[in-house]
Structure formats: C-alpha cells, structure tokens
Amino acid sequence: MKSWKWIAAGAGGSILLPVIWLLWMPGLLAALGTVIWSVAATLFAVRMVLREQERSMAEQQRVSEEQLKERAVQALNHHRHDWMNELQIMYGYIQLGKHDKSVQCVERIKERMLQESKVSKLGIPSLVFYFQAYRTFNVPLQLEIEVVDQLHLNEKLSPLRQEALTEVIIAAVDIYEKAGEDSSPEEERQLIITFWDQEDHCIAELEGEGAFGDRRALEQQLKRVTEHTELRVEQVDTDHMTYRLYIPYVT
C-alpha cells in the first residue's frame with residue numbers, strides 16, 4: 001500500500017482512541033473530544049485522498065500530453081515522407097520528358113491538398129488530428145476522408161456534440177478495423193468516411209470495402225457506440241458495409 005494510503009488509514013483508525021477514552025471515562029468532555037478528533041481525522045484523511053487524486057490526474061495528463069506530442073511528430077514525419085515521394089515521382093516524370101504523367105501527378109497532388117484542406121477546416125481539432133495521424137499507425141485498414149464542399153462543424157455543433165462525434169468516429173473506425181481481423185492479410189480493406197451537410201444535420205457516411213465479417217454484428221456495435229448520444233446511425237442499402245451517422249446541428 002502506498003504511503004499516502006497508510007497515512008489516510010492511520011488518520012481514520014486514530015478515531016478509535018477518543019472512542020476508547022469515551023467508553024472508559026464517559027462524560028461531556030470525552031464526548032466533545034471524540035467529536036472534534038473524529039472531524040479533524042476525517043478532514044485530514046479526505047484531504048490526503050484529494051491531494052493524491054490531484055497528483056495522479058496531473059501525472060496522467062502529463063503522460064497523455066507526451067503521447068500526443070509523440071503522435072504529432074510521427075504524423076508530421078509521415079506526411080513529409082508522403083509529400084517527398086510525390087515530388088520525387090513528379091521530378092522523375094519531368095526528367096524523362098513524360099509531360100502527360102507530370103500533369104497527372106500535379107492534378108493528383110492538387111486533389112489531395114484540396115481534400116486535406118477541407119478536412120482541416122472541419123474545425124474539430126481532436127477529430128482532424130486523429131484523421132491526420134491515423135496513417136502513421138501500422139494497421140491493415142486504409143482510411144480515406146472526403147468532405148463535400150466546405151463544412152465547418154465547429155460553427156454548427158456544440159462542444160459536447162463535437163466531442164461525441166469524435167468519440168463515435170474513433171470507435172467506429174476501430175470497429176471496422178477489428179471486424180476484418182480474420183480476413184487474409186493480402187486482402188485490401190478500405191474505409192471511406194464522407195462528410196456532407198444536409199439541412200439541420202451533418203451526415204458522416206462510413207463505407208467499408210473488403211471483408212468485414214458479419215454485417216449484423218458490425219451494425220450492432222455501431223449502434224452501441226451511439227447510445228446515450230444525440231447521434232443516430234442507419235444502414236445504407238448497398239453491396240458494401242455502409243452506414244450513415246446523423247449529427248444534429250445546434251438550433
């Protein structure tokens with residue numbers, strides 16, 4: 001047992017001393033002393049517990065911040081590596097005089113930059129960072145994010161709904177990721193998440209391509225993670241594992 005627990009337990013156990021005194025020498029003074037001692041010992045024990053909880057929370061926050069910084073560095077390095085690869089490919093086409101391929105490469109880079117810009121403008125830092133960092137994780141699931149037009153969710157969702165959306169999206173990606181763990185490692189699996197605006201709702205469509213196991217089991221898990229939230233999930237009638245999350249805007 002840690003030292004602070006021993007101290008708190010000792011403070012609580014010390015209440016027995018004035019109780020014994022009261023039983024041995026009953027009287028007003030003994031009763032008053034028992035009450036004062038008990039209150040003081042209880043307050044001391046509570047203070048020790050609260051102080052340890054604060055220290056523990058501060059340590060957890062420090063560890064979380066360190067992990068977040070590490071992931072941010074990994075994400076930046078990964079994106080830098082990706083862009084260097086694209087530039088090297090384009091430079092190779094230019095050197096070989098393949099102008100049509102160079103143009104295609106430039107168009108591909110422009111399209112990717114446009115999509116990444118749209119994702120960053122979703123306006124929910126935790127969600128944007130998760131999308132940007134996901135490709136740095138060594139997972140057998142390819143995640144693609146698409147945003148139709150310009151969508152600024154931070155302007156249309158309350159902070160609580162932003163947090164709920166982030167938690168549900170992360171949980172949903174994890175569900176799709178684990179749903180195909182039994183499939184062949186050579187089989188490609190992709191999850192495309194598309195965001196768009198629809199009147200008083202934002203829709204996030206999750207389209208899984210590849211092997212994701214039992215459709216009913218996956219749907220039950222998705223509905224479970226949206227319980228106790230204002231988000232709603234519905235299945236889309238397609239050949240893929242496709243579901244839509246409906247997120248109501250602030251009215």
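Asp-149 counts as exposed, at 55% relative accessibility (exposed is over 50% relative accessible area, buried is under 20%, and partly exposed is in between, with a 1.4 Å probe and protein chains only). This residue sits in the loop between strand 1 and helix 6, and its phi is positive, about 60°, although Asp-149 is not a glycine. Helices (H or I, at least four residues) and strands (E, at least two) are DSSP runs, numbered from the N terminus.

Glu-199 is another case: its phi is near 55°, again positive in a residue other than glycine. Look for Glu-199 in the loop between strand 2 and strand 3, where it is exposed with a relative accessible area of 73%.

## What kind of model this is

This is a predicted model, so to speak of local features takes pLDDT of at least 70 and side-chain atom pairs count only at pLDDT 80 or more, while totals for chains, interfaces and linings use all residues. Residues are numbered from 1 along each chain as its sequence is written, and side-chain values use heavy atoms, with hydrogens and water left out.

Helix 5 (residues 125-134) is largely enclosed by the rest of the structure, because seven of its 10 residues are buried. The buried ones are Leu-127, Val-128, Tyr-130, Phe-131, Gln-132, Ala-133 and Tyr-134.

Phe-131 turns up again in the largest nonpolar core, which has 39 residues; along with Leu-153, Ile-169, Tyr-176, Ile-193 and Phe-195, it has the most contacts inside that core. (A nonpolar core is a set of buried Ala, Val, Leu, Ile, Met, Phe, Trp, Tyr and Cys residues joined through side-chain atoms within 4.5 Å.) At least two residues each come from helix 5, strand 1, helix 6, strand 2 (190-198), strand 3 (201-209), helix 7 (215-225) and strand 5 (241-248). Helix 6 gives the most, with eight residues.

## Along helix 6

Contact here means heavy atoms within 4.5 Å. Setting aside neighbours within four places in sequence, Ile-169 is in contact with Leu-127, Phe-131, Ile-193, Phe-195, Ala-204 and Leu-245.

Val-168 is also in helix 6, buried at a relative accessible area of 3%. Not counting residues up to four places away in sequence, Val-168 touches Val-225, Thr-226, Leu-231 and Leu-245. Val-168 and Lys-223 are 55 residues apart in sequence, yet 9.9 Å apart in space, C-alpha to C-alpha.

Thr-166 belongs to helix 6 (residues 159-179) too, and is buried with a relative accessible area of 6%. Beyond its neighbours within four places in sequence, Thr-166 is in contact with Ile-124, Ser-126 and Leu-127. With Ser-126 there is a side-chain to side-chain polar contact at 3.4 Å (a pair of N or O atoms within 3.5 Å; within protein, one must be able to donate a hydrogen and the other to accept it, and residues adjacent in sequence count only if both atoms are side-chain atoms).

## The largest pocket

The largest pocket has a volume of about 530 Å³. Of its 20 lining residues, Glu-116, Arg-135, Leu-143, Glu-144 and Ile-145 are the closest to the centre. On a 1 Å grid over the protein atoms alone, a pocket is an open set of points where a 1.4 Å probe fits, with protein on both sides within 12 Å along at least five of seven lines; lining residues have an atom within 4 Å of a point. Points are joined across faces, edges and corners, and the volume is the space filled by probe spheres set on them.

Helix 3 (28-96), helix 4 (99-120), helix 5 and strand 1 (142-147) each supply at least two lining residues, with the largest share, six residues, coming from helix 4. By type, the lining divides into eight nonpolar, four polar and eight charged residues (Ala, Val, Leu, Ile, Met, Phe, Trp, Tyr, Cys and Pro count as nonpolar, Asp, Glu, Lys and Arg as charged, and the others, Gly among them, as polar).
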